[in-house]
Amino acid sequence: MRPPLSLGRWQAVLSRTYGPRPSAGYRWVSGAQGYVRNPPVGACDLQGELDRFGGISVRLARLDALDRLDAAAFQKGLQAAVQQWQSEGRTAVWLHIPILQSRFIAPAASLGFYFHHAESDSSTLTLWLGEGPSRLPGYASHQVGVAGAVFDESTRKILVVQDRNKLKNMWKFPGGLSEPEEDIGDTAVREVFEETGIKSEFRSLLSIRQQHTNPGAFGKSDMYIICRLKPYSFTINFCQHECLRCEWMDLNDLAKTENTTPITSRVARLLLYGYREGFDKIDLTVEELPAVHTGLFYKLYHKELPENYKTMKGID
């Protein structure tokens, strides 16, 4: 891993603005994370990190003297730094600005920076320095919603709800948005319990709906995933704030009723087919596999693969 890139231009410009320019230059310290020096009183030690794509990331939260820096001085320093990075052949700048330092957004925008994304406590702006149109990846373009089709095979009953805050109170499966770093099956189990009080276990993935420019997704695309769950409790205690009604309904009735959403009707028929012909015909099972990144794993959903195909060395 390369050491962070210390940006001498930042130091020079901001030192001229806020204090006497030091005579000592940068020096490399063995075992340290970059080039270091002791800045003069009033100077702002701004550092960026060089990524493997040739871009520079500047995280203002890591800088010490920004409380004493005004917007005009920041703009001057940023402009000089951008010129330096361009001369070094850098491809892009990622500028991470904490919410309490938002006064630096306008100066950055005046230099051509654009918003890339925002979190609850910070925003990230980017500036493309390479040739041609920007090749920087966009931020997350989809939200992920997950529903749980809780099916009791012994009674052929399925758990359904009617949302309290919908214009049309149609029968649907309980569900909601997946939280960061939450597996799909865990979302389904959690949402079902929160809305209905029913405890369940993930069995398989049944369907995926992709919808673009969803009004409920802030204009972004929406992925809606329905999972098959097995119930472990049966007494309903539904959330009065979210649900108007909740009940166990015969699967055949749900498949035939008109008082439901198109996707609920289709998945009910899919479940009916699986119940009659075997769930192996409709289930996408899950397996955890090691990622190419050391120490990380991912979940892969697919039709059940026979064990001899998992261990085979080649094709005869």
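Modeller: Let us begin with accessibility in this predicted model. Buried means under 20% relative accessible area and exposed over 50%. Arg-156, with a relative accessible area of 25%, is therefore partly exposed. Arg-156 is found in the loop between strand E9 (142-152) and strand E10 (157-163).

Biologist: What is to be noted about the phi of Arg-156?

Modeller: The general idea is that most residues other than glycine have a negative phi. Arg-156 is not a glycine, yet its phi is positive, at about 60°. Glu-181 is likewise not a glycine and has a positive phi of about 65°.

Biologist: Where is Glu-181 placed, and is Glu-181 buried or exposed?

Modeller: Glu-181 sits in the loop between strand E11 (175-177) and helix H4 (184-196). Its relative accessibility is 86%, so Glu-181 counts as exposed.

Biologist: Let us turn to aromatic rings. How many aromatic pairs does a search of the whole structure find?

Modeller: A pair of aromatic rings is described by the distance of the centres and the angle of the planes. The search of the whole structure finds five such pairs. One of them is formed by Phe-202 and Tyr-301, with 6.5 Å centre to centre and 85° between the planes, and this pair is edge-to-face. Phe-202 belongs to strand E12 (residues 200-211) and Tyr-301 to strand E16 (residues 297-302), so the pair ties together parts that are 99 residues apart in sequence.

Biologist: Why is the pair of Phe-234 and Trp-248 tilted?

Modeller: The angle of the planes decides the matter: under 30 degrees counts as stacked, over 60 as edge-to-face and the rest as tilted. For Phe-234 and Trp-248 the planes are at 40°, so the pair is tilted; the ring centres are 6.0 Å apart. Phe-234 lies in the loop between strand E13 (221-231) and strand E14 (243-250), and Trp-248 in strand E14, so this pair ties together parts that are 14 residues apart in sequence. Phe-234 counts as partly exposed, at 43% relative accessibility.

Biologist: Which residues do ring pairs link into a cluster?

Modeller: The cluster consists of Phe-151, Tyr-275 and Phe-279, linked by ring pairs. Over the face of Phe-279 lies Arg-228, at 3.9 Å from the ring centre.

Biologist: How many salt bridges does a search of the whole structure find?

Modeller: There are 14 salt bridges in the whole structure. In one of these, the side chains of Glu-49 and Arg-62 meet at 2.4 Å, N to O. Glu-49 lies in strand E4 (residues 47-50) and Arg-62 in the loop between strand E5 (56-59) and helix H2 (71-87), so the pair ties together parts that are 13 residues apart in sequence. Glu-49 is partly exposed, with a relative accessible area of 30%, whereas Arg-62 is exposed, with 53%.

Biologist: What parts does the salt bridge of Lys-299 and Asp-183 tie together?

Modeller: The side chains of Lys-299 and Asp-183 meet at 2.5 Å, N to O. Lys-299 lies in strand E16 and Asp-183 in the loop between E11 and H4, so parts that are 116 residues apart in sequence are tied together. Lys-299 is partly exposed at 33%, and Asp-183 is partly exposed at 30%.

Biologist: Are Glu-191 and Arg-190 buried or exposed?

Modeller: Both Glu-191 and Arg-190 are buried. The two form a salt bridge, with the closest N and O atoms 3.1 Å apart. Salt bridges with shared partners join Glu-179, Glu-182, Arg-190, Glu-191 and Glu-194 into one network.

How values were computed
Residues are numbered from 1 along each chain as its sequence is written. This is a predicted model: local features need pLDDT of at least 70, side-chain atom pairs count only at pLDDT 80 or more; totals for chains, interfaces and linings use all residues. Side-chain values use heavy atoms; hydrogens and water are left out. Helices (H or I, at least four residues) and strands (E, at least two) are DSSP runs, numbered from the N terminus. Buried means under 20% relative accessible area, exposed over 50%, partly exposed in between (1.4 Å probe, protein chains only). A charge sits over a ring if NZ of Lys or CZ of Arg is within 6 Å of the ring centre and within 35 degrees of the ring normal. A salt bridge is a side-chain nitrogen of Lys or Arg within 4 Å of a carboxyl oxygen of Asp or Glu.
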